[in-house]
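Please consult the sequence and the coordinates shown below alongside the text.

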Amino acid sequence: TRGISDQHDPVANSGPHFVTTADGGLVVTCSTSSFGAPGSDGWLFKVTSAGDIDWQMRLGGPENDTLNTIQPTSDGGYVVAGVTSSYPLDSFRHAWIVRFDPSMAVQWQWSYGIDSNFDIQGVHQGTDGSFMAGGCRTPTSHTSWYWDVYRDAFVIKADDAGIVGVPGNIFMAHTQAIETSTDAVPFDTPVSLRPGF
């Protein structure tokens, strides 16, 4: 396999975190702590069929952000989703959806959720152009080490502009995460550095 950074950069363990492209490549979503903000950023990159980096970008802000899932959209672009702690900066994790056009420019992005920790695990575009996403919510009253026991499932449906319900709904907030280039350098690495795997 080929790695493309020198730090711990986990690929999300939930939802489709990569899609194949018409030319035999892969577009991958995950997070990186190797470059950029002090915390993690969402990381989106394309690997060619030969295993080379075609392009890559980071998305995020001053706190920890990650991209958990990706799906192609009907116009030839992509929709990615995950969790942001940067937008807004209020000590909670928010569900996060970003839509890209076919040239990989950000069309829109929103964060969702209030007074709890939210995490999107999957996103899908419907035939009517709307987006459905789901994941888990952790009530603020259960934030200790045993919070796993108290997670709730949630599902949202947004129109093709990412709007849920009435514009201005307190459940969502416009994000300001910016796309930045990375300085990741490809390097070859063994399949696993852990014995027994």
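**Salt bridges and backbone geometry**

A salt bridge of 2.7 Å (N to O) joins the side chains of Asp41 and Arg58. The pair ties together parts 17 residues apart in sequence, because Asp41 lies in strand β4 (residues 41-47) and Arg58 in strand β5 (residues 53-60). The model is predicted: local features need pLDDT of at least 70, side-chain atom pairs count only at pLDDT 80 or more, and totals for chains, interfaces and linings use all residues. Residues are numbered from 1 along each chain as its sequence is written, and side-chain values use heavy atoms, with hydrogens and water left out.

**Salt bridges**

- The count is five salt bridges, each defined as a side-chain nitrogen of Lys or Arg within 4 Å of a carboxyl oxygen of Asp or Glu.
- Both Asp41 and Arg58 are buried (under 20% relative accessible area; exposed is over 50%, partly exposed in between; 1.4 Å probe, protein chains only).
- Lys157 and Asp128 form a salt bridge at 3.8 Å, N to O.
- Lys157 lies in strand β12 (residues 152-158) and Asp128 in the loop between β10 (116-125) and β11 (131-139); strands are DSSP runs of E, at least two residues, numbered from the N terminus.
- Lys157 is partly exposed at 48%, whereas Asp128 is exposed at 56%.

**Backbone geometry**

- Tyr87 and Pro88 are joined by a cis peptide bond with omega about -5°.
- Ser91, in the loop between β7 and β8, has a positive phi near 75° and is exposed at 76% relative accessibility.
- Met104 also has a positive phi, about 70°, but is buried at 11%.

Methods:
Helix = DSSP H or I, 4+ residues; strand = E, 2+ residues; numbered from the N terminus.
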